[in-house]
Amino acid sequence: MHYTQLIGSLFLLPCILSASACVTPNPTPAAFTNFNDNIFFFPAANAVNWKTLYARSLQLPDESLLMTWENYPAEPPLVNHPIYKSVDGGATWSNFSAIKDQVNGWGMRFQPFLYTLPQAFGGYPAGTLLAAGVSAPFSLQGGVYIDLYVSQDSAKTWNFVSHIAYGNGPEDITTGHAAIWEPFLMMYSGSLVCYFSDQRDSAHSQKLVHVTTTDLHTWSAAVDDVSYSAKNDRPGMTTVAYIASKQQYIMTYEYCGTAKCAVYYKTAPNPLNFNSATGIALVGNDTSKTVPKGSPYVIWTPNPAKTDGSGVIIASSGSLEPVLINDDSASPQGWKVVNVGQWSAYSRSLRIITVQGKKKLLFGNGGNMGDPNCNSVANGVIEVPY
Ligand SMILES: *[C@@H]1O[C@H](CO)[C@@H](O)[C@H](O)[C@H]1NC(C)=O
Ligand SMILES: *[C@@H]1O[C@H](CO)[C@@H](O)[C@H](O)[C@H]1NC(C)=O
């Protein structure tokens, strides 16, 4: 989905605007504490488009935190995906490095994603950092790549590795335009998987697909994960989590078009075969049956209150401040709405981190698709809800 066309399509705006609007910054939190809504980056006044959007985090082995996002300073120079770093549990952040386009001459423009290799892979040791992101020209005309970068020095420097996918563009949400969006990386069974949103199939305004690699250089053809027969339906924004206790994978996505961007999910024992699973509407089990809409994010973590290996599934959406949590069954009746005190954001990211050895939930907020003048980058660190 994207930008100016999205404003025109209206399906997301009413709920998202009411959840955020312009906000007053909070005082800087104390180091290594719990807090919400901690703005640590304000875009320049002359920044363009959404100014900031779509924050993504990572934690390094020394417990320091990284955050990146879509960043829109006036160009030139070409846009990049900034890397900010925190060494005090997310309380304060400073500019550390940037993932810059080294091959296309277009900039790193949309939807960054950070990932740590859990095993030696493609000639790199376990612990190597990967970054995927969308590189497209400012004009959005003439081609688009989802590109892969690697860092072997704890995010100080980044080097191009491979093109994960290519579209002819233009990079906008018009049906029939061969755009690609929103990479999400995950290792599975000896392959690195990249899930993304795909407008290149003329039978669908957009569908969800994945590609795989065994060497970080050569990527497979795209395989469907979610596609609907109504041509104008637009499932979008895959995220995936592993429910370890059940050896099941869960993917969340927004179902735009027929379902008006309601959040849906699928579960499957094989995350390369979500296509054969049925999409289920993710609806709160509160009395008002809360319907989260747009830009979901899902994670799984062991339940802090249990010792039997069972866990908690945590889902975020663009339209709500609360998260929805479930037990490992992912039952459609099991989504409990939990207030977490954190502003909503377009594609607010979730990550389990440790702060001085204790597990916490980290939020990454890059702003909303309302008034871009209200956007900034904020984080939050809370106890893991269960
Ligand atoms: C952050 O630092 C990197 C590398 O030192 C630099 O290229 C980039 O422009 C800086 N970003 C900002 C927002 O100052
Ligand atoms: C909602 O789901 C949770 C599990 O996540 C369960 O404990 C709770 O009983 C459910 N509430 C209702 C009203 O069904």
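Author: Leaving aside residues up to four places away in sequence, Val340 touches Asn36, Glu321, Pro322, Val323, Phe363 and Ile382. The model is a predicted one, and what follows describes that model. Val340 sits in the loop between β21, residues 336–338, and β22, residues 349–355. The relative accessible area of Val340 is 8%, and because buried means under 20%, Val340 counts as buried. Glu383 is 43 residues away from Val340 in sequence, while the C-alpha atoms of the two are 9.1 Å apart in space.

One of the contacts of Val340, Val323, belongs to β20, which covers residues 323–326. Between β20 and β21 runs another loop, and Ala330 is found there. Ala330 is not a glycine, yet its phi is positive, near 55°. Ala330 is also buried, at 5% relative accessibility. In general, most residues other than glycine have a negative phi, and most peptide bonds are trans.

The bond that joins Pro76 and Pro77 is cis, with omega about -5°. Pro170 is in the loop between β9, residues 159–167, and β10, residues 180–188.

The strands named so far belong to a protein with 24 strands and two helices. Part of this strand content is an open sheet of four strands, in the order β14-β15-β16-β17, with antiparallel pairing. At the edges stand β14, residues 234–243, and β17, residues 280–281; each has a single partner strand, so one side of each is left without a neighbour in the sheet. The partner of β14 is β15, residues 248–256, and eight bridges join the two antiparallel strands. In one of these pairings, Gly236 has Glu254 of β15 as its bridge partner. Strands of a sheet pair in general through backbone hydrogen bonds, either parallel or antiparallel.

For the protein as a whole, a compact globule of 386 residues would have a radius of gyration near 21 Å, and the value of 19 Å found here agrees with that. The C-alpha trace spans about 50 × 45 × 45 Å along its principal axes. Buried residues make up 59% of the 386, and Val340 is among the buried ones. Of the contacts with a separation of 6 or more, 54% are between residues 24 or more positions apart.

The accessible surface comes to about 14100 Å², and carbon and sulfur atoms account for 53% of that area. As for charge, there are 22 positive and 26 negative side chains, and the centres of the two sets lie 4 Å apart.

Key. Residues numbered from 1 in each chain as written. Chains lettered and ligands numbered in written order. Predicted model: local features only at pLDDT ≥ 70, side-chain atom pairs only at ≥ 80, totals over all residues. Heavy atoms only, no water. Pairing = 2+ DSSP bridges. Rg over C-alpha atoms; globule rule 2.2 N^0.38 Å. Buried < 20%, exposed > 50% of the residue type's maximum accessible area, 1.4 Å probe, protein only. Contact = heavy atoms within 4.5 Å. Areas by Shrake-Rupley, 256 points an atom, 1.4 Å probe, with all protein chains shown as cover. Lys, Arg positive; Asp, Glu negative; His and termini not counted. Charge placed at Lys NZ, Arg CZ, Asp CG, Glu CD.
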